[in-house]
Amino acid sequence: MDMYGSSYQPNPNQPYRSRRSARMEAASLILGSIALLSCTCLYLAVPCGALAVIFATLSRGGMMSYTSKAQIGMILGIIALIATIVLYASVLWYAIHQYGSIDGFLKAYSDMQGMDYNELMKQFMAK
């Protein structure tokens, strides 16, 4: 009996069970791949990339090292997040550089669509 009053004794004939989660490793790998393939879609790449990193971290199960599947899933998730951020930041930079400001971009957009700029701004402010 231990100091907590439990008389549990591990069975030496029972095989050791790893605390790692193979399903979370696989989920991390799949979500990392999806995030990398869809890095042009902001609403899909960011959640999938973040979940890939989270699942890879949780798949360790208290161990200090990652398995190869978890490492690959985490790397793919991080690369996808970085690629998505760089892609959208460069598009925003290009739009500001090309049109001078966000207002300039909205004016060019309203001219292309045949809408009045003031009407467009009222719609944006109403939301």
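Leaving aside its neighbours within four places in sequence, with which residues is Thr 84 in contact? They are Cys 39, Leu 42, Ala 45 and Val 46, where contact means heavy atoms within 4.5 Å.

This is a predicted model, in which local features need pLDDT of at least 70 and side-chain atom pairs count only at pLDDT 80 or more, while totals for chains, interfaces and linings use all residues. Residues are numbered from 1 along each chain as its sequence is written, and side-chain values use heavy atoms, with hydrogens and water left out.

Thr 84 lies in helix α3; helices are DSSP runs (H or I, at least four residues) numbered from the N terminus. Thr 84 is buried, at 1% relative accessible area. Buried denotes under 20% relative accessible area and exposed over 50% (1.4 Å probe, protein chains only). Between the C-alpha atoms of Thr 84 and Ala 45, which are 39 residues apart along the chain, the separation is 7.1 Å.

Helix α4 spans residues 102-113. From first to last C-alpha, its twelve residues reach 16 Å, close to the 16 Å expected at 1.5 Å a residue (1.5 Å times one less than the number of residues). Its residues are grouped below.

| Group in α4 | Residues |
|---|---|
| Buried | Gly 104, Leu 106, Ser 110 |
| Exposed, on the face turned away from the buried side | Asp 111, Met 112 |

Just after α4, Gly 114 takes a positive phi of about 75°.

Methods. Helix = DSSP H or I, 4+ residues; strand = E, 2+ residues; numbered from the N terminus.
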